[in-house]
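Hi,

Here is the model I promised to pass on.

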Amino acid sequence: MSGIIEVPGAKNAVLPVLAATLLNNGTSILENCPELDDVFTMLEILSALGCKTKKKGSRIEVDASNLTSSCIPEILAKRMRSSIIILGSVLARCGEVLISYPGGCEIGMRPIDMHLRALEQMGAEVDGLKHGMLKVSASKLQGCEILLDYPSVGATENIMLAACFAEGETLIRNAAKEPEIEDLQEFLKKLGVSVSGAGSGVIRIQGVKEINAEPVHKIIPDRIVAGTYLAAVAATGGSLVVTNVEYDHIGSILYCLRRAGCKIKNYTGGVVTLESDGKLKALDLVRTSPYPGFPTDMQPQIVALLSKCSGTSVVVETVFENRFRYTEQLQKMGADISVQGRTAIIRGVDKLTGASVEARDLRGGAALIIAGLAAEGETRISGVNYIDRGYERVEQVLAKVGANIRRVEESRNMI
Ligand code: EPZ
């Protein structure tokens, strides 16, 4: 494969920023938004709450001047479990929120205990209603010091959003340091909120009375999409230029690709190039960890790449408790992987062979595409709806850089 791919805006940045637009009595303008099913779902949720939303390509406008509801429709919340990040902003703006408990998913139980404990600490009342609904209410949230047991991305985001209208200052210790948290901070600053420390692990937010702003905000590039396409070309062999990427955001991913034998160069202006002969070396150990460590959202993709290489690699998944289910599908393609709890041992094979496989989660699906591209013969992947949640027109992007890939007409849900 060879060619140029422009990296779109980050799914995991635009979702919390869309949640933050609910805090604003005015109209927020977001640019460089990715066109993804999860973004469309979030827009449906905002509309259900009374927002007027407009989307033109990668530009989104949200007018949240007149909210008419604080209840997130169950059908929408169920479709996208990350809708839980809307909790903090609806609670802050409306004083209460009704939302269905987000279920677990393919990669783990995904509890929200840290979210709820922090909101209770700020004075909210949490009523775990029956029938899977959750009601959180607070006449006025109180700023306070919160220590997270684990640097949870979603919990950090929800606390930042809830703190915007709280009385006084909120301090979050052991906060997540992901670039998406920094992007949310930049947006909140454009709303006129005084917030600092994102990326450092300690975040301070000074509550305000209300927000009337007309912010224009460009969403940061998607580091996981960039890493996924770089891993695809690393696995098949070839050369790729990715543009509109933040080099530092993908530093840990590039480190692993270099160690596997890829030649990588970084140019000013957000351009990174990769060259690979497709004959990769095993990595003795890759451990996922919170940013700036190796991202859990790239774990399936790196395992797919290591499946076809010389030597044995070990990958340890420290963030989610059940994120190796996709390896059963890779084994159908001839991969030699054994999973013990949170550790996968990958014995590299000379070749993978095409097979019919099933995507059951977003990044596991991306791993199947990488394996399919590097395999001999045809691979048919069902469950492409999962992949569409995080990758814009994935088959078109890859075909443009030489991949032999198409979406099978008889069911839009198959590649
Ligand atoms: C965000 O999920 C991302 N999603 C995930 O990306 C990403 O994998 C994850 O952060 C880690 O980086 C979005 O941003 C929309 P966490 P989130 O809270 O916020 C446990 C993708 O593929 N935990 O940092 O849900 C939790 O079970 C998705 O784009 C609690 O125990 O992740 C997990 O083991 C997948 N209690 C760990 O913390 C809580 O209250 C990290 O979860 C919250 C989390």
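**Around the ligand**

Asp113, Met114, Ser152, Asp297 and Val319 come nearest among the 22 residues around the ligand (a residue is near if one of its heavy atoms lies within 4 Å). Before you dig in: this is a predicted model, where local features need pLDDT of at least 70 and side-chain atom pairs count only at pLDDT 80 or more, while totals for chains, interfaces and linings use all residues. Residues are numbered from 1 along each chain as its sequence is written, and side-chain values use heavy atoms, with hydrogens and water left out.

- Aspartate 113 has a side-chain N or O atom 2.7 Å from a nitrogen atom of the ligand.
- Serine 152 puts a polar side-chain atom 2.7 Å from a ligand oxygen atom.
- Asparagine 12 does likewise, at 3.0 Å from an oxygen atom of the ligand.

On its own the ligand has 830 Å² of accessible area, and the protein covers 87% of that (Shrake-Rupley method, 1.4 Å probe). Two or more shell residues come from each of H1 (11-20), H5 (113-121), H6 (153-163) and H12 (362-374); these helices are DSSP runs of H or I, at least four residues, and strands are E runs of at least two, numbered from the N terminus. H5 gives the largest share, three residues.

**Helix H12**

At its start, a side-chain oxygen of aspartate 361 comes within 3.3 Å of the backbone nitrogen of arginine 363.

Most residues other than glycine have a negative phi, and most peptide bonds are trans. Here are the exceptions I'd check:

- The tyrosine 291 to proline 292 peptide bond is cis, with omega near 10°; proline 292 sits in the loop between strand E17 (286-287) and helix H10 (299-307).
- Asparagine 32 has a positive phi of about 65°, in the loop between strand E2 (27-31) and helix H2 (37-48). Asparagine 32 is buried, at 15% relative accessible area.
- Asparagine 174 has a positive phi near 60° and lies between strand E9 (169-173) and helix H7 (179-190). Asparagine 174 is partly exposed, at 31%.

Cheers

Conventions
Polar contact = N/O pair within 3.5 Å; in protein donor to acceptor, adjacent residues only side chain to side chain. Buried < 20%, exposed > 50% of the residue type's maximum accessible area, 1.4 Å probe, protein only.
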